[in-house]
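Please review the structure shown here together with its sequence. The report is meant to be read alongside both.

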Amino acid sequence: AGICDRASAAGDRHAMRIAEDCRAALVGNRAASAQRHAGRQGRRIRTGGSDQPGVHHRPGRSVDLDRTIGDAFPGARLDVPMPQQTASFGMVFPDHPKRVFEARELSDGTLRYLALAGALLSLRLPSFIALNEPESSLHPDLLEPLARLIARSSERPQLWLVTHSERLAAALEKHGGVAQRPVNPQEGETWIEGLKTIGRFDDED
């Protein structure tokens, strides 16, 4: 799940979105903290704190992101410079500690994992998130870290996840304490096992 083929041009656009999500996870709390500080001082600052270089973000969100990266890629770290006209990011791996691997040098699976991390660790999350086959393109070794990330993230919004990976489902049950709900075809229709027509499961009675 390390460094593989170069991403396509579409992947570069995808990488831009990942950079924005990851940057939001890193600096979002800084902006919120700075806005509150400015309110107490009777003035406003720009979103993102660009006119307040001396204001530091609270460590909570970036600690979560650092832990998520370290869990999936031991010894690696995410490098997200402050965006100028464009946003960018890269990764530094323990085998090459002095080199930043740019987004176009990372595998599709690595980019997808970073995109999921950026989305699930965002400062402002919706009340409901649906994840459809998040295991796609991921190296099998990333499924356990992904399950831990999803389990931690579910403490904030409600998460609904559909997967074809039995390994991911088992890991989610292990780390998140959630029951698996197999989906079965019945007479040309798709049914969730144990789901009644009234919208409740057998084990919820």
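## Model and confidence

This is a predicted model, in which local features need pLDDT of at least 70, side-chain atom pairs count only at pLDDT 80 or more, and totals for chains, interfaces and linings use all residues. Residues are numbered from 1 along each chain as its sequence is written, and side-chain values use heavy atoms, with hydrogens and water left out.

The protein chain has an average pLDDT (the predictor's confidence in each residue, from 0 to 100) of 75, and 69% of the residues score at least 70. The pLDDT is below 50 over residues 1–11, a stretch with 22 contacts (heavy atoms within 4.5 Å) beyond near neighbours in sequence. Residues 27–60 also stay under 50, and the model has 32 contacts for them beyond four places in sequence.

Helices (H or I, at least four residues) and strands (E, at least two) are DSSP runs, numbered from the N terminus. Two strands count as paired if DSSP finds at least two bridges between them.

Three strands form an open sheet in the order S1-S2-S3, with antiparallel pairing. Strand S1 (77–79) and strand S3 (96–102) are at the edges with a single partner strand each, so one side of each has no neighbour in the sheet. From one strand to the next the twist averages 30° (axes are lines fitted to C-alpha atoms, and angles run from 0 to 180 degrees between N-to-C directions).

Three bridges pair strand S2 (residues 90–93) with S3 in the antiparallel sense. Gly90 has Glu102 of S3 as its bridge partner, and Met91 has Phe101 of S3. A hairpin through two residues joins S2 to S3.

## Hairpin of S6 and S7

Strand S6 (residues 183–186) and strand S7 (residues 189–192) run antiparallel and are joined by four bridges. In S7, Thr190 is the bridge partner of Pro185. Two residues lie between S6 and S7 in this hairpin, and Glu187 in the turn has a positive phi of about 55°.

## Largest pocket

By type, the lining residues are 14 nonpolar, seven polar and three charged. Here Ala, Val, Leu, Ile, Met, Phe, Trp, Tyr, Cys and Pro count as nonpolar, Asp, Glu, Lys and Arg as charged, and the others, Gly among them, as polar.
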